[in-house]
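Subject: Structure handover

Hi,

Here is the structure I said I would pass on. Please open it next to this email and follow along.

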Amino acid sequence: MSPREVLGQAARLASSGLLLQVLFRLITFVLNAFILRFLSKEIVGIVNVRLTLLYSTTIFLAREAFRRACLSGSTQQDWSQTLNLLWLTVPLGVFWSVFLGWAWLQLLAVPDPDVIPHYGTGVVLFGFSAVVELLGEPFWVLAQAHMFVKLKVIAESLSVILKSILTAFLVVCLPHWGLYIFSLAQLFYTAVLVLCYVIYFTKLLGSPESAKQQVLPVSRMTDLLPTITRSRAFVNWEEAKLTWSFFKQSFLKQILTEGERYVMTFLNVLNFGDQGVYDIVNNLGSLVARLIFQPIEESFYIFFAKVLEREKDATLQKQEDVAVAAAVLESLLKLALLTGLTISVFGFAYSQLALDIYGGAMLSSGSGPVLLRAYCLYVLLLAINGVTECFTFAAMSKEEVDRYNFTMLGLSSSFLLLSYLLTHWCGSVGFILANCFNMGIRITQSLCFIHRYYQKSPHKPLAGLFLSPVLLGAFALSGGITAVSERWR
């Protein structure tokens, strides 16, 4: 497949994902705004911070490294070995679920059962839901590797919408169930997500059109199950080594991604109510990042991984491939910068109004508006980092990935310390400031790699980060006008 064909598929995947996610997220946005009217800040803090952290940590540690390694395969990739490797995420997920579940029950303070009942059941079900989701990992990687447009977005969005509908129904009809509501909804979400992939591949592999096209490396559903043969190894050891390198990196990246939740959970710097407000604002602020930046990052990571060769310098690769990758990277950087600046300018002025519409006085009063204003600036850094790391992780060699892990280790340690100190000085906004600092360091690391990568070639993709003075002046003027209009509101 030529680079331009890969680019076309990646663009279609990103654009289709973007449009569908906007539609489905709007539906979920309305449902969540409705649910918030029936909840206390404390239960939001327990569910969205502590229990969701258990689930996301289990999922991330069990599968993130496998995803990156298996999606970086060459054209000679043996998919039976790749699928065998992916099935190892399930026992790994069971281990992390049991270990982290024990830590959440034995090492952390248990909330008052009169205020937040059924905490123990919540821990067990959230951990179990992570294992259920890992059962669909081989299907997800196969779909991503072959760029099945719309499948991922429809499956995830449908699962989220059905979860929100179930949560809204239970919150209104059975409010005394407490954490049972959110635990059952989470388990329902993961079951629906896996079933969407299983049903899709069952129909696809059972249709005569699939046999004719011969697009997939499997011809029937049993080919997706683990297979043991004497003629070759159970897994591709090169993929396994790359997975280990990515695992060390993903462990550190998880601390950077969810660092504030770890500090909240293990150091008790905020009470459950403040944790709830912070998490709602964090989710609202990152909505655009999930809607726009995440589909782009995931789709174009696959594009860069397929077009570029990890172990070769840019000058030793096909120059057409290198040129296409540079042009795409420059365009993505410009798109990310413009989108981030737009969100920062308008979001900074209208934060209080947005929170009042979304969650009422519970969010628009107190620290909520200050948090969202700070997060609008953070979104700008998120946008740029998503694109730069997307390219960096796709182009790095195994040795470079290992070296980058040491940088991530230092960032993780500094982030936790900075979060703790800034939270004591500035309150919950200190988490966002610490995130901004670390995101800036990560962007710098990626920019240095990109500069070195293209240093000996005529291509300058980092030019996408330089905007014209006229455009910058327009943003500055817009920021002044919106700030004045918000004061007169």
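Start in the loop between α4 (89-106) and α5 (119-134), where you will find H118. Keep in mind that this is a predicted model. H118 is not a glycine, yet its phi is positive, at about 65 degrees. Most residues other than glycine have a negative phi. H118 counts as partly exposed, because its relative accessibility is 29%, and partly exposed covers the range between under 20% (buried) and over 50% (exposed).

Now go to the loop between α11 and α12, which holds N268. N268 is another residue other than glycine with a positive phi, here near 55 degrees.

Next, the surface. Which residues make the nonpolar surface patch of about 630 Å²? They are F266, L267, L417, Y420, L421 and W425. Two helices, α11 (259-267) and α18 (398-426), each supply at least two residues of this patch. The largest share comes from α18, with 4 residues. W425 has its place in helix α18. Is W425 buried or exposed? W425 is exposed, because its relative accessibility is 65% and the cut-off for exposed is over 50%.

For contrast, look at F66 in helix α2 (residues 41-70). F66 has a relative accessible area of 8%, so it is buried; the cut-off there is under 20%.

Rolling a probe the size of a water molecule over the atoms shows where empty space is left. The second largest pocket has a volume of about 300 Å³. It is lined by 14 residues, and the closest to its centre are L284, G285, V288, A354 and L372. Which helices each supply at least two residues of the lining? They are α12 (272-285), α13 (287-307), α14 (319-349), α15 (351-359) and α17 (368-395). Of these, α15 gives the most, with 4 residues. What kinds of residues form the lining of this pocket? There are 11 nonpolar residues, 3 polar ones and no charged ones.

Best wishes

Conventions:
Residues are numbered from 1 along each chain as its sequence is written. This is a predicted model: local features need pLDDT of at least 70, side-chain atom pairs count only at pLDDT 80 or more; totals for chains, interfaces and linings use all residues. Side-chain values use heavy atoms; hydrogens and water are left out. On a 1 Å grid over the protein atoms alone, a cavity is a set of points where a 1.4 Å probe fits but cannot get out, and a pocket is an open set with protein on both sides within 12 Å along at least five of seven lines; lining residues have an atom within 4 Å of a point. Grid points are joined across faces, edges and corners, and a volume is the space filled by probe spheres set on the points. Ala, Val, Leu, Ile, Met, Phe, Trp, Tyr, Cys and Pro count as nonpolar, Asp, Glu, Lys and Arg as charged, and the others, Gly among them, as polar. Patches are made of residues with over 30% relative accessible area and no salt bridge: like charges are joined within 9 Å, nonpolar side chains (Val, Leu, Ile, Met, Phe, Trp, Tyr) within 5 Å. Accessible areas come from the Shrake-Rupley method with a 1.4 Å probe; for residues, only the protein chains shown count as cover. A salt bridge is a side-chain nitrogen of Lys or Arg within 4 Å of a carboxyl oxygen of Asp or Glu. Buried means under 20% relative accessible area, exposed over 50%, partly exposed in between (1.4 Å probe, protein chains only).
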